Amino acid sequence: MNVIYQFVAGPLAWAAFILFLSGIFLRMIQLFVKVNQPEKFLLHYFSLRYGLRSIIRWLTPFATTNWRKHPVFTVVTFIFHGCLLITPVFLSGHVVLIDEAWSLSWWTLPDGLADLMTLIVIGSCVFFGIRRIVRPEVRFVTDASDFILLVIVAAPFITGFLAYNQWFGATWMTIAHMLSGQILLAAIPFTRLNHIILFFFSRAYMGSEFGKVRHARDW
Amino acid sequence: MSEAQNLDNKNQLDTATEAGISRLTPEKIKKVVDCVIKRETGVRFETYMQTCIHCGLCSEACHFYLSHDNDPHYSPAGKIKQTIWELIKRKGNVDRDFIRRAVRIAHTECNLCKRCALYCPFGIDIAYMMLVMRRILHKLAVTPLYIQDTAHSHSVTMNQMWVKGDEWVDTVQWQEEEAQDEIYNLRIPLEKHGSEIMYSVIAPEPKFQAQLIYQAAIIMNTAGIDWTMPAGVGWDNSDMAMYTGDNEIMGRVKRAHFEAASRLKVKKIVMGECGHAYRSVADMGNRWLGWSMPPVPVVHAIEFYYDLLKSGKIKIAKKYEKPVTLHDPCNVVRGAGLHEKARYVANQLCDKVVEMIPNREHNYCCGAGGGVINCGPAFKLSRTEGNSVKAEQLFNAKSRGAMTLIAPCHNCHSGLHDIVHHYEVGLELKFFSDIIYECMEKPEDK
Amino acid sequence: MTDKSAWDWDKGDKTIDTTGWSAQYKWVEELHAAPDGQTLAAVVNVDQGEFTVCVNATSWEKTFDKIWHLRFLNDGRLTALVSAMGQWTVAVDGSCWDNTFGFVWNPLFSNNGKHIAVAVQRDMRYCMALNDESWKTDFANMTYFALSPDGSKTAACVQVKDADSGQIQKFQKGTFTAAIDGKPWEQTFVNVWHLAISPDNRHLAAEVRLNLYDYTIAVDAKPWEQIYQSVWEPVFHPADGSVTAPVKSDGKWHMARDGKIIWNRGFVQLWRQRFSPDGSKLAAIVAPKFGRWTVAVDQELWAVSAKQMVTDLAFSPDSSKIAALFKSGGYWKIAVDGDLWSRKFDRVFTPVFSSDGRSLAAKVETKGKYTLVVNGKLWQQSCDMIWDPVFSPDGDKILIRFMKDGIYHRRIELTSNISG
Ligand code: HEM
Ligand code: SF4
Ligand code: SF4
């Protein structure tokens, strides 16, 4: 078991990070290399002002018509995204590991709060999953990959929660947690999870088009 | 009408398109799909494909979805799923039935109105994806008959309605003569080099609605505008080739339009109350030709009237009395941000303006735009039934007093006409120019 | 070209007072000045539905129900399209062609002004008429017209097979072709556009679309072997008979001659190619990048560029210089041989070279007032209206035709007085 633990915590972790970073890096390179072919005008209309206007608008809860139209979804998605990003980065367990490895540390979440945020992420994934089943307009555009993605996202949180609370076999759970976290990281550049990054580009493009060329709002 | 009814059967298109479909082979379909996707799409397409998180948030943007009791087959992402996603997933290995459905969806169930771009958190441009689909259908030669014929007309005559060179000039001169009964020295100067403004229209004006040229002439002459109209190709600013995916013809037609302006050495182009033409001239056509912005400034009629009223070149003798409601055409509101100017014009002209709900950038499309009405009578019923939410919106404005519906766009005009009739809404349809003509101070006769 | 040496080139100013014209007629339309500046003409209305042409304050004898497209020819004659009793024809200096038609439009003039061609419609059939003589054949539809530079041949795109609107299958089999002097090519095409007649009058070239997707150039009905995504108008070489046209392949525009690509790079846009009169150079308006415009001469780009558009590309008559108009930020500048003149204007009209290419002048507009710019310097007069400048044969003098306060002026200036 120790061997497996070492392997997952060592080489596999590195591999996941490398995949994550290089995947994003390659995607970006591809984006910038191909941006001018065959549609030569895409960069031409780029406007920092209108691009940011659009990004900020859409990252503010209830600032757009459609966020207001779906209050429950909006609340869930913003809290979900917030917890999703904040929890792993500021979890004391994670920071301790990094401190041990590189003597780097930062502010950490109180454990109770971290637990709550973890549960929120898991709950949100359940919410999204149910939404995908019960809302006809969502069900229609849903396929198996969407559920797989939800599992990929929820898995590290579920296993982390279980491991931390020492349920089931804690070591096995920790291994499962590390593995699922690594899968999530590695999946980001290669699945629809790359909306994390592409959001800023597609939004900036539409924002620029609407602001600079069409003189209209895009929200 | 009988044709309309039996073709409203989902499994059938017009005979010419069916003939096109019957000629397709799996190899041909795959080849065309590969070619268009590989050679003509790029980062934008890929990003939209990869970013769409399948959240369905765009659904409520679409009047087709809303009008079909929230049937997800009509949601923006739902329509992409049934067309582009499937094509990509199956690597172009699709059959004729798939193509038949794609024709119906891409050509008659999406107005390319871009309302959904305001509802998708990622700003995914469904209209663009639909145009990619239409481009593929164009390359497969299965574009619906009526709009294909219109694209042919553009290719031959550079106008939308097979108007011949002599017919155009003759019609303009006829309207000039008619209008001289009202203003004795009125002119519609043809080919006047060095004028300030070239006025361009769409071919349905000389073909069916010559009174609009008449009204424009009265407005121009009263306001003392130094203007001209071209006597040769380029007088028509419309462009259905843009909507059939025949980008080469779109570009050719737009070049003719700009070259007419360039040849006449005008400072700007003023165009009549047409939305899709604005999109073709100032958004899509210019880009295909390599002009980032229109090389000669293009002023849409709304903006032109705004300037005339604001500067006092046109004065209103007596305001239009009946309460009006204002339809914001997609192509000049989401497309050009002219909504506030349109309101200024409406308020200057009319005693009372009742707002539609929703309005401005969020207004519902008329259901005719994006080439949908140009697919012909076979799809008229599905078009009007696909936009009951527009009828509701109109009824609501009517319940708050509106009696007249202003639609400053040709396509909207025709689309709303059909909706007003189909649902018996009971609103009178007008262009801005109808009301300006009716209410403005005109010069005293000699 | 017309012989300008016989004109009055003595320095001085002649005037024609037009202030009385409006009292003489119900209204006066646009003024036109003769190339030599000696006459001034306009379509005028004498009564309801009754028009004539006023030339130096004297009317043509005849009146017409309608007159349009009044133009001076290069040889000084005055022509217009006129209608009487529902029939249309061409009038030259007040007298009409013998033939009348249902409609006439799109007049074309030879360089020397001796020949006039028009598109005509008779009984809803179409053909061309040259110097009062119509083609022997007529057609169901006709688009795009051409007159050979010497004025001896006419050509048009014509429809030779019937296809009613809505018959898309028939149309896609090809119903159009090109006709020269009324003789159509045997082959038909889906579309035919932009005809060019060779300098020796023996060949006709056109843009053609073979089906909905494949474009090429056809010369004497024979399409090039290569097909393209699109093409623009072909031109003949002044001497060697070759045909050159911009063609689009792999998403880029290339310059092709007789079906072979000749420039080693592609462009976002490429059009309006011109040969120098001696045939030694080929220039074109190009967009090397999206939203960037300039001129390419034998595939070399000028260093200057414009953001909005480039127009009026022209060689000097002696082939030594090239001029074009550049528009950026809403203003126009003149570019000569790759250098932009510093002054910018609201509008610049087509520049004119002296025959030796030493001088270049153009009509320009600033804030609604017109003047001339000559070799980069402004003429110190601001006018209500000005016509294109004309150089004397030796280029030493400029004929300036302008309006100020209702008075027309014909002025001869020394070129050096303006350009310094
Ligand atoms: C910045 C890091 C982000 C991460 C890590 C992230 C992660 C996720 C995950 C894991 C899901 C659930 C996937 C699924 O339902 O299949 C999701 C869904 C979603 N995300 Fe993000 N996201 C990020 C940024 C954004 C941004 C900037 C937006 C834009 C507003 C956004 C909008 C959405 C939406 C609309 C959903 C759909 C929920 C659903 O119906 O399933 N995300 N995101
Ligand atoms: S562009 Fe308009 S019609 Fe098309 S899917 Fe979007 S909202 Fe519906
Ligand atoms: S709202 Fe955008 S991301 Fe969501 S399904 Fe529609 S297109 Fe896809």
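Which residues are the closest to ligand 2?

**Close-up 1. The surroundings of ligand 2 in the predicted model.** The shell around ligand 2 holds 13 residues, and the closest of them are B:C62, B:C110, B:N111, B:C113 and B:C116.

**Close-up 2. The iron atom of ligand 1 and its two histidines.** The NE2 atoms of A:H81 and A:H195 coordinate the iron atom of ligand 1, at 1.8 to 2.1 Å. The site has 6 donor atoms, and with angles of 86 to 179° among them it is octahedral. In general, the ideal angles for six octahedral donors are 90 or 180 degrees. Because A:H81 belongs to helix α4 (residues 71-90) of chain A and A:H195 to helix α10 (residues 195-214) of chain A, the pair ties together parts that are 114 residues apart in sequence. A:H81 counts as partly exposed because its relative accessibility is 34%, whereas A:H195, at 13% relative accessibility, counts as buried, the cut-off for buried being under 20%.

**Close-up 3. An open sheet in chain C.** The 4 strands of this sheet follow the order β2-β3-β4-β5 in chain C, and their pairing is antiparallel. Strands β2 (27-33) and β5 (58-59) of chain C form the edges, since each of them pairs on one side only. As a general point, the strands of a sheet pair through backbone hydrogen bonds. Between β2(C) and strand β3 (residues 40-47) of chain C, the antiparallel pairing extends over 5 bridges, and C:V28 has C:V44 in β3(C) as its bridge partner.

How values were computed: Residues numbered from 1 in each chain as written. Chains lettered and ligands numbered in written order. Predicted model: local features only at pLDDT ≥ 70, side-chain atom pairs only at ≥ 80, totals over all residues. Heavy atoms only, no water. Pairing = 2+ DSSP bridges. Helix = DSSP H or I, 4+ residues; strand = E, 2+ residues; numbered from the N terminus. Near = heavy atom within 4 Å. Donors = N, O, S within 2.8 Å, 3.2 Å for Na, K, Ca; no water. Tetrahedral: all angles 85-135°; square planar, octahedral: opposite > 155°, others 65-115°. Buried < 20%, exposed > 50% of the residue type's maximum accessible area, 1.4 Å probe, protein only.
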